[in-house]
Amino acid sequence: MNVILMGPPGCGKGTQANELVAARGLAHVSTGNILRAAVRAGNELGRKVASILDAGELVPDELMSEVLREALEAVPADRGWLLDGYPRTAPQAESLIGLLEGLDQGVDAVVSIRVPDEEIVARLAGRLTCPACGFVAAGAGGGGPAECPRCGHEMGVRDDDRPETVRNRLRVFREKTAPAEEILARRYPLKPVDGTGSPEEVSRKVALVLAD
Ligand code: AMP
């Protein structure tokens, strides 16, 4: 099964991605995780993108299409994948469709998680992320885990989860990423999911649309 997971920053995409990957044995292709790992490693890609990520802007399409091609080609042919964080723009959507055609691969579902903006700003302000494995938890203001429940690394607040950056990421999402979703929807089955409610409730809704 190949799935594309779409939704604004803070909609619970990362949490749902982790769930789906664990439940269905899919390869997790997260462009955000790939870019953050490159920044941490301080490699050529990381040096190119560090300030873009900090500002909540988008990495140029050409560079991203290379990153994506490498990541998808690294998935063994007999394994399904979950794509998370790509496409973010209309040209990325077109380039993904072309890449998948070339690889002779289809997409079973484009799952689009929807959450109102006000809820997103409130959620992200309180979000903790593991810098090592990408695990996400609530409770940045207190009450959240100090260490990652999955890998044990110290949890932290992502630089791009600052309120002014969050607002920029939401603006970028509306202007650039919403059109990408429309392009995908013309080609693959679009499955909108209401992302309000607990992560477990949202997981159940995601499982329901995937069973369709
Ligand atoms: P994410 O973890 O998916 O929210 O991604 C974090 C940041 O990485 C974004 O705010 C962008 O700066 C960058 N990024 C991730 N995926 C893409 C993409 N497909 N195109 C451009 N920039 C991206």
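Okay, hi everyone. Some ground rules before we look. The model is predicted, so local features need pLDDT of at least 70 and side-chain atom pairs count only at pLDDT 80 or more, while totals for chains, interfaces and linings use all residues. Residues are numbered from 1 along each chain as its sequence is written, and side-chain values use heavy atoms, with hydrogens and water left out.

A word on terms: helices (H or I, at least four residues) and strands (E, at least two) are DSSP runs, numbered from the N terminus. Two strands pair if DSSP finds at least two bridges between them. What holds such pairs together? Strands of a sheet pair through backbone hydrogen bonds.

On one side, strand 2 pairs with strand 3 over 4 bridges, and Ser30 stands opposite Asp84. Strand 1 is joined to strand 3 by 3 bridges, with Ile4 opposite Leu83. Which residues of strand 3 are buried on its two faces? Trp81 and Leu83 are buried on one side, Leu82 and Asp84 on the other. Buried, by the way, is under 20% relative accessible area, exposed is over 50%, and partly exposed is in between (1.4 Å probe, protein chains only). That two-sided pattern is handy to remember: in a regular strand the side chains alternate between the two faces of the sheet.

Over at strand 7, strand 4 (residues 109–114) pairs with it in the parallel sense over 5 bridges, and Ile113 is opposite Val193. Touching here is contact, meaning heavy atoms within 4.5 Å. Axes are lines fitted to C-alpha atoms, for helices over the stretch in contact, and angles run from 0 to 180 degrees between N-to-C directions.

Helix 1 also packs with helix 8 (residues 199–211), at an angle of about 55° and with the axes 10 Å apart. That makes the two helices oblique to each other; under 35 degrees would be roughly parallel, over 145 roughly antiparallel, and 65 to 115 roughly perpendicular, with the rest called oblique. Among the residues that meet there are Leu20 in helix 1 and Val206 in helix 8.

Next, some single residues. Why does Arg169 count as buried? Because its relative accessibility is 11%. Arg169 lies in helix 7 (residues 163–187), and leaving aside neighbours within four places in sequence, its contacts include Arg127, Arg158, Asp160 and Asp161.

The bond from Tyr86 to Pro87 is cis, with omega near 5°, and Pro87 is in the loop between strand 3 and helix 5 (90–103). Then Asp104, in the loop between helix 5 and strand 4, has a positive phi of about 60° although it is not a glycine. Asp104 counts as exposed, at 71% relative accessibility.

Okay, that's me done, thanks.
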